[in-house]
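Visitor: I have the chain open and would like to go through some contacts with you. Could we begin with a polar one?
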Amino acid sequence: MFKNADLLFLQSIPDELSQAIVDSTVSLTSDIYDHVALVEVTTDNQIFILHTLPSTGSIREPYSTFKTRNWAHIDLFRANQKINAPQIIQQAKQLLNQPYNAGYIPGEQGYYCADFIYYAFENNQIFKLIPMNFSDQTTGAVLPYWLDYYSKLALSVPNDQPGLNPNTMLHQQVLHQISRLK
């Protein structure tokens with residue numbers, strides 16, 4: 001079922017951060033995802049997931065461990081076009097052991113989940129960076145969660161800075177869903 005460089009799109013069991021991500025990135029027609037991760041299938045058919053979380057930074061972990069985290073849903077997606085999967089996995093492995101980019105600011109140290117995937121696909125790029133949104137989808141005002149979040153980081157909210165999130169990655173229509181795993 002899994003192939004190298006497949007992507008897992010996830011919906012967390014709701015907490016404040018996952019809800020803020022959803023509130024500022026989901027349109028009425030989209031699925032609700034707040035995390036994305038990369039699948040690696042080894043030559044001996046072991047399944048590993050390469051991704052980054054606030055609590056771990058960028059890591060490679062067995063799928064059996066990964067799937068026990070607080071996910072409400074796990075959906076498997078695959079690229080619509082031919083990609084060099086071994087090259088993507090090799091690039092992703094070079095991004096491991098980095099801190100989580102809590103500011104979601106491109107070019108800062110570490111990676112956030114969609115940023116990690118973007119750089120893993122760097123030489124096989126299928127995703128386009130878009131202006132990030134931290135605002136309420138209906139009012140256009142920056143959500144109070146993000147104002148408080150960035151205030152604690154002593155940073156400005158990077159509204160309209162280039163970046164990605166799981167929902168906008170799917171809206172680019174470069175992936176198709178294979179199955180719902182959970």
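Guide: The side chain of S12 makes a polar contact with the side chain of D34, at 2.8 Å; a polar contact is a pair of N or O atoms within 3.5 Å, where within protein one must be able to donate a hydrogen and the other to accept it, and residues adjacent in sequence count only if both atoms are side-chain atoms. This is a predicted model, in which local features need pLDDT of at least 70 and side-chain atom pairs count only at pLDDT 80 or more, while totals for chains, interfaces and linings use all residues. Residues are numbered from 1 along each chain as its sequence is written, and side-chain values use heavy atoms, with hydrogens and water left out.

Visitor: Where is S12 placed, and is S12 buried or exposed?
Guide: S12 is in strand β1, residues 7–12; helices (H or I, at least four residues) and strands (E, at least two) are DSSP runs, numbered from the N terminus. S12 counts as buried because its relative accessibility is 13%, where buried means under 20% relative accessible area, exposed over 50%, and partly exposed in between, with a 1.4 Å probe and protein chains only.

Visitor: Changing topic, how many salt bridges are there?
Guide: The count comes to six salt bridges, each being a side-chain nitrogen of Lys or Arg within 4 Å of a carboxyl oxygen of Asp or Glu. One of them joins the side chains of D6 and R78 at 2.7 Å, N to O. That pair links distant parts of the chain, with D6 in the segment before β1 and R78 in strand β5 (residues 71–79), 72 residues apart. D6 is buried, with a relative accessible area of 1%, and R78 is buried at 18%.

Visitor: And which residue forms a salt bridge with E40?
Guide: E40 forms a salt bridge with K93, the closest N and O atoms being 2.9 Å apart. Since E40 lies in strand β2 (residues 35–41) and K93 in helix α3 (residues 85–94), the pair ties together parts that are 53 residues apart in sequence. E40 is buried, at 5% relative accessible area, whereas K93 is partly exposed, at 38%. E40, R60 and K93 are linked in a network of salt bridges.

Visitor: Staying with α3, which of its residues are buried?
Guide: The buried residues of α3 are A85, I88, I89, Q91 and A92. They cover an arc of only 165 degrees around the axis, which puts them on the same side of α3; the arc is that of the directions from the helix axis to the C-beta atoms. On the other side of α3, P86, Q90 and Q94 are exposed.

Visitor: What covers that buried set?
Guide: The cover includes β2, β3 (47–53) and α4 (113–120), with contact meaning heavy atoms within 4.5 Å.

Visitor: Now the sheet: what is the strand order?
Guide: The order is β4-β3-β2-β1-β5-β8, in an open sheet of six strands with antiparallel pairing; two strands pair if DSSP finds at least two bridges between them. β4 (57–62) and β8 stand at the edges, each with a single partner strand, so one side of each is left without a neighbour in the sheet.

Visitor: Can you give me one pairing in detail?
Guide: β1 and β2 pair in the antiparallel sense over four bridges, and the bridge partner of F9 in β2 is V36.
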